[in-house]
Amino acid sequence: MGSTEEKTNYLSDEEIPLKSSPVAKNVLHSFDCETAAVRSSPDTRWWKTSNIRIRPLRSAYIVLVRAKINVLLPFGPLAILLHYLTGKHGWVFFFTLLGITPLAERLGYATEQLAFYTGPTVGGLLNATFGNATEMIISIYALKSGMIRVVQQSLLGSILSNMLLVLGCAFFTGGIIHHTKVQVFNKGAAVVNSGLLLMAVMGTTFPAVLHFTHTELHLGESALSLSRFSSCIMLIAYASYLFFQLKSQHDLYGPLDEEVDGEVEDDSEIYAWEAIGWLAILTVWVSVLSGYLVDAIQGASESLNLPVAFISVILLPIVGNAAEHASAIMFAMKDKLDITLGVAIGSSTQISMFVIPFCVVVGWCMGKPMDLNFKLFETATLFITVLVVAFMLQEGTSNYFKGLMLILCYLIVAASFFVHVDPSNDD
């Protein structure tokens, strides 16, 4: 040990100024010249240039070609052509739905890739936000067109789809694969989300009851004013929830963060700047298709002989929730139910406590009477759904039978809206 220390001290810069000796200077100078020559050689420059050119092609292959669902991408341009050449709203609506489906799934993929670089907490928020980007874009386009009932029913349908269909399929698939054991998840996080969902039910119930009991102080205005006030309160509550989840009670979600952190290096396939670029491109393309989709809803309802309520509550959310559906099932198959709940229930919480109040505020700015009065049928459906899911989550365990019950509940909801006639078509 002593000889090592003496040798280290003997070779240190203080004992022998190696770099200042003439021989050392010549050696170092020649080494630097050779390194610079290698760096500036034509072969090296060609390799760097070709690598820069290949990277976008590789990421384009990963995002646009490799996934099997991307075979549906050509239906988007085809829907636009049909819109201008034929004007058949039924086919335009159907092909636009098919074209948006892979875009919604790819948005989820790009968000997951970006989450590998931002960390699990910010990544979870990004996943929920861009996972609901399709619903927000469709809602804003419909709001511009004055289709307030389509906005309300599509957002309601997205909540119902996430809580019943997405979560039910995840529980069922995970329970079948892991049938030899009981799958468990963080009950504390599920209880917090259930409480927020019940708060959202409260926010939508009071304007509906106020309107249908004819007890408004100012007829036709009090329910709208109450909706705008409640929306601001719900936005504050959601911001407080984010602070509670990400900062104040971070340890409540600790096991989830630890699992995700261990997989960052292995699972990332594209760089952060590539993920941001693809998020921008996919969002723009979803926006373009959403405009044609909204324009074709009424014509599709007449040509396909389907109620607008069924299209808004059932068909649109299935497309918008494609990313959540795929990722929730995948994580349930890997026995990571905490992430499954974060995707399915977390997305429902964000829609009910952020997207819906946000649309009310945006409609307020646009001068559109967007409110929280979802009518009695829709409000009762949301209330019963939240109660059923809250009871399913209270034990902190999952199995395939719970998943099957949630799926069957969603089939009942879908059949109900198939025979439901919206009483306010004049909106």
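Predicted model: local features only at pLDDT ≥ 70, side-chain atom pairs only at ≥ 80, totals over all residues.
Q: What makes up the protein chain in terms of helices and strands?
A: The protein chain has 18 helices and two strands. Of its 427 residues, 48% count as buried. Among its contacts with a separation of 6 or more, 82% are between residues 24 or more positions apart.

Q: How do you know whether Leu82 is buried or exposed?
A: The relative accessible area of Leu82 is 19%. The limit for buried is under 20%, so Leu82 counts as buried. This residue lies in helix 4, residues 75-85.

Q: What does Leu82 touch, not counting residues up to four places away in sequence?
A: Leu82 touches Gly87, Lys88, Trp91, Val92 and Phe95. Leu82 and Phe95 are 13 residues apart along the chain, and their C-alpha atoms are separated by 9.0 Å.

Q: What makes Ser287 count as buried or exposed?
A: Ser287 has a relative accessible area of 17%. That value is set against the cut-off for buried, under 20%, so Ser287 is buried. Ser287 is in helix 13, residues 272-304. Leaving aside neighbours within four places in sequence, Ser287 is in contact with Ile137 and Tyr141.

Q: Why is Asp335 called partly exposed?
A: Asp335 has a relative accessibility of 25%. Buried means under 20% and exposed means over 50%, with partly exposed in between. The value for Asp335 therefore counts as partly exposed. Asp335 lies in the loop between helix 15 and helix 16.

Q: What is noted about phi of Asp335?
A: Phi of Asp335 is near 65°, a positive value in a residue other than glycine. Most residues other than glycine have a negative phi.

Q: What is phi of Lys375, and where is this residue found?
A: Phi of Lys375 is near 75°, again a positive value in a residue other than glycine. Lys375 is found in helix 17, residues 375-393.

Q: How do you know whether Lys375 is buried or exposed?
A: Lys375 has a relative accessible area of 14%. Since buried means under 20%, Lys375 is buried.

Q: Why are helix 8 and helix 16 called roughly antiparallel to each other?
A: The axes of helix 8 and helix 16 (residues 337-366) come within 10 Å and cross at roughly 175°. Angles over 145 degrees count as roughly antiparallel, and therefore the two helices are roughly antiparallel to each other.

Q: Which residues make the contact of helix 8 with helix 16?
A: Helix 8 contributes residues including Val151, Leu155, Ser158, Ile159 and Asn162. Helix 16 contributes residues including Leu337, Thr340, Leu341, Ala344 and Ile345. By class, this contact has 16 nonpolar, six polar and no charged residues.

Q: Which residues make the contact of helix 5 with helix 14?
A: Phe93, Leu97, Ile100, Thr101 and Ala104 come from helix 5, and Ile311, Leu315, Leu316, Val319 and Gly320 come from helix 14. These residues divide into eight nonpolar, two polar and no charged.

Q: How many cavities of 30 Å³ or more does a search of the whole structure find?
A: The search finds one. About 70 Å³ of space lies in the largest cavity.

Q: Which residues line the largest cavity?
A: The lining consists of Glu135, Ile138, Ser139, Ser154, Leu155, Leu316, Pro317 and Gly320. Helix 7 (133-144), helix 8 (148-177) and helix 14 (308-320) each give two or more residues to the lining. By class, the lining has four nonpolar, three polar and one charged residue.

Technical notes
Residues numbered from 1 in each chain as written. Heavy atoms only, no water. 1 Å grid on protein atoms, 1.4 Å probe; cavity = no way out; pocket = protein on both sides within 12 Å on 5 of 7 lines; lining within 4 Å. Points joined across faces, edges and corners; volume = space filled by probe spheres on them. Helix = DSSP H or I, 4+ residues; strand = E, 2+ residues; numbered from the N terminus. Nonpolar A, V, L, I, M, F, W, Y, C, P; charged D, E, K, R; others polar. Buried < 20%, exposed > 50% of the residue type's maximum accessible area, 1.4 Å probe, protein only. Contact = heavy atoms within 4.5 Å. Axes fitted to C-alpha atoms, helices over the stretch in contact; angles between N-to-C directions. Parallel < 35°, antiparallel > 145°, perpendicular 65-115°, else oblique.
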